[in-house]
Amino acid sequence: SAAPQVKEMVARLEARLKDKPDDLEGWLMLARSKAALDDAPAAVAAYRKAAALAPDDPRAAAGLAETLTIAQGGVVPPEARALFEKLQAKGTGEDPRPGYYLGLAAAQAGDGPKAFDLWRDLLARTPADAPWRPRIEEAIRTAAGNFGLDAGPVLAQAGPPAAAAPDKPAAGADSMTPEQRS
């Protein structure tokens with residue numbers, strides 16, 4: 001299995017970081033590796049080192065916030081929410097995590113409409129073939145069930161981006177009436 005090789009690589013990386021504690025890329029790689037090994041506390045610690053070295057690096061902030069959330073079993077803690085809000089305010093470019101997790105935080109706080117707004121905006125910016133798109137659509141459907149909202153219009157309104165294949169129906173089209181589809 002690859003696990004012993006990964007652990008060996010991580011051990012070498014940790015040894016290198018003892019000699020070069022200001023290696024931002026090394027700390028980010030260590031954080032991602034620890035997260036992949038399901039060692040959330042070590043991943044959080046490594047992301048904190050990276051964030052301390054580069055407070056304005058969105059990779060460190062988003063990674064830390066996401067790992068804190070994963071460590072809480074998917075509940076977005078206040079520190080993570082604050083980091084995601086800061087990233088969202090700065091504009092995160094292609095990173096879907098701030099919008100996704102701020103929507104999750106809103107849903108967890110009982111604000112379904114806010115979660116819907118955040119996820120609808122994120123869905124509108126998400127390429128049709130993005131690997132995280134189904135996760136956003138699923139979050140919208142789950143929130144709809146939890147808050148008694150209709151996911152169909154939200155999913156249809158976001159629609160597939162222009163790059164989507166024209167023969168694919170819009171997400172949620174199967175739950176719409178023929179009038180809504182046209």
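## Helix 2

Helix 2 buries Leu24, Gly26, Trp27, Leu28, Leu30, Ala31, Ser33 and Lys34. This is a predicted model. Those buried residues pack against three helices: helix 1 (3-19), helix 3 (40-53) and helix 4 (58-71).

At its start, a side-chain oxygen of Asp23 comes to within 3.3 Å of the backbone nitrogen of Glu25. After the helix comes Asp38, with a positive phi near 60°.

## Nonpolar core

The largest nonpolar core holds 45 residues. Leu30 of helix 2 is among those with the most contacts inside this core, along with Phe84, Tyr100, Trp119, Ile136 and Ile140. Helix 6 (residues 97-108) gives the most to the core: seven residues.

Ile140 touches Phe116, Trp119, Arg120, Leu123, Ala151, Val154 and Leu155, leaving aside residues up to four places away in sequence.

## Salt bridges

The count is twelve salt bridges. Asp23 pairs with Arg16, with the closest N and O atoms 2.9 Å apart. Asp23 counts as buried because its relative accessibility is 13%, under the 20% cut-off. Arg16, at 40%, counts as partly exposed.

Glu85 bridges to Arg81, the closest N and O atoms being 3.7 Å apart. The two sit four residues apart in helix 5 (residues 78-90), so about one helical turn separates them. Glu85 is partly exposed at 41% relative accessible area, and Arg81 is partly exposed at 35%.

Asp95 and Arg97 form another salt bridge, with closest N and O atoms 2.8 Å apart. Shared partners join Glu25, Asp57 and Arg59 into one salt-bridge network.

How values were computed: Residues are numbered from 1 along each chain as its sequence is written. This is a predicted model: local features need pLDDT of at least 70, side-chain atom pairs count only at pLDDT 80 or more; totals for chains, interfaces and linings use all residues. Side-chain values use heavy atoms; hydrogens and water are left out. Buried means under 20% relative accessible area, exposed over 50%, partly exposed in between (1.4 Å probe, protein chains only). Contact means heavy atoms within 4.5 Å. A polar contact is a pair of N or O atoms within 3.5 Å; within protein, one must be able to donate a hydrogen and the other to accept it, and residues adjacent in sequence count only if both atoms are side-chain atoms. A nonpolar core is a set of buried Ala, Val, Leu, Ile, Met, Phe, Trp, Tyr and Cys residues joined through side-chain atoms within 4.5 Å. A salt bridge is a side-chain nitrogen of Lys or Arg within 4 Å of a carboxyl oxygen of Asp or Glu.
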